[in-house]
Amino acid sequence: MVPEFQGRNLVIATMHGKDRVMRSLLEQTLGVKIHVTKNLNTDLLGTFSGEIERVGSAEEAAKRKCELAMEETGFDLAVASEGSFGPHPYLFGVPVNEELVYLFDRALDIHCIGKSISNETNFSSTKVSDSNTLLDFARMVRFPTHAIILKNDLYKPTTIQKGISDYDHLLEVFNRMKSRCGIVHAETDMRAMYNPSRMGVIEQATQAMLTALTNRCPSCNSLFFKLSDFEIGLPCSLCALPTQSILAHHYACRVCGFKERKLFPKNKEAEDPMYCDYCNP
Ligand SMILES: [Zn+2]
Ligand SMILES: [Zn+2]
């Protein structure tokens, strides 16, 4: 329980059942009363299936969802999340899912973010010409626990069926679309309630947000003693020269201005020579 949040109303901005993984974490850590939006159409801010493109960053979209949830309910405390999918920055052909959780507290003027990245995602799409290709795709993307979308164009579909989660329905929609449009694209439905793999990543991002939020300033005890910068130069365990790995985190208090430098934030006092530009150029 956190005295600053104890008993306050918090609204979760979602229309895709994300409250299932956020609710107990938020309730138990902060002591808030949880509400869920009833009329929020977060799809207006962008969909994964291409009909509406997201404008701006994931952070801006999540903040906007918080504001809409506050307007709907009149509460001054909201949480929203936003997912992104794409290729892994280093590993070719591996998709990753990044989830961002945003808490906006209008009373305390706090904007706190938590993130989590995972390659445990089924994010994928393919053009399907026959039912065998479709069934192979379905097996690969963990259907039917994870739903599938069928549409007639990857980017500008005029016919689209979302949330397909049983085999009969899948084949029926496929046959209908194939005979009417000729071309069918299958893709994973990334909306949280249709995609259990995402739910786990959203839970981790919620935990990361709560860890940042409940970190208190050692000087004035204010909440959200904030990570403001990081410093590279963790020494190599072999030659002791600085590497590109993180040596220290810098924190700053948003209330009293107190600053702190914490060495070895990843509990590692030296880096593997594998990451050293001198030992392993
Ligand atoms: Zn302080
Ligand atoms: Zn070295």
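This is a predicted model: local features need pLDDT of at least 70, side-chain atom pairs count only at pLDDT 80 or more; totals for chains, interfaces and linings use all residues.
Q: In E12, which residue is the bridge partner of Tyr251?
A: Glu260 is the bridge partner of Tyr251 in E12. Strands (E, at least two residues) and helices (H or I, at least four) are DSSP runs, numbered from the N terminus.

Q: How many bridges do E10 and E11 pair over?
A: Six, in the antiparallel sense, between strand E10 (residues 226–232) and strand E11 (residues 246–252). E11 also pairs antiparallel with strand E12 (residues 259–263), over five bridges. Two strands count as paired if DSSP finds at least two bridges between them.

Q: What do E11 and E12 form?
A: A hairpin, with six residues between the two strands. Gly257 in the turn has a positive phi of about 85°.

Q: In what order do the three strands of that open sheet come?
A: E10-E11-E12, with antiparallel pairing. The edge strands are E10 and E12, each pairing on one side only. Neighbouring strands of this sheet are turned by 25° against each other on average, direction ignored.

Q: And the open sheet of four strands, what order has that?
A: E6-E9-E7-E8, again with antiparallel pairing. Strand E6 (125–128) and strand E8 (160–164) are the edge strands. The twist averages 20° from one strand to the next.

Q: Which helix packs on the sheet?
A: Helix H3 (residues 131–140), which touches E6, E7 and strand E9 (184–188). The direction of H3 makes about 165° with that of E6. Axes are lines fitted to C-alpha atoms, for helices over the stretch in contact, and angles run from 0 to 180 degrees between N-to-C directions. Contact needs C-beta atoms, placed from the backbone, within 7 Å.

Q: Switching to Lys65. Which helix does Lys65 lie in?
A: Helix H2 (residues 58–73).

Q: Why is Lys65 called buried?
A: Because Lys65 has 25 other C-beta atoms within 10 Å. The buried class takes 20 or more such atoms within 10 Å, exposed takes 12 or fewer, and partly exposed lies in between, with C-beta atoms placed from the backbone.

Q: What do the buried residues of H2 pack against?
A: Strand E1 (9–13), strand E2 (33–36), E3 and E4. Among the buried residues of H2 are Ala61, Arg64, Cys66 and Leu68. H2 is followed by Gly74, whose phi is positive, near 80°.

Q: What should helix H5 span?
A: At 1.5 Å a residue, the 18 residues of H5 (residues 196–213) should span 26 Å, and the end C-alpha atoms are 26 Å apart, which agrees. The expected span is 1.5 Å times one less than the number of residues.

Q: What do the buried residues of H5 pack against?
A: Helix H1 (19–30), strand E3 (77–87), strand E4 (95–105) and strand E5 (110–118). Val201, Met209 and Leu213 are among the buried residues of H5.

Terms used
Residues are numbered from 1 along each chain as its sequence is written. Chains are lettered from A and ligands numbered from 1 in the order in which they are written. Two residues are in contact if their C-beta atoms, placed from the backbone, lie within 7 Å.
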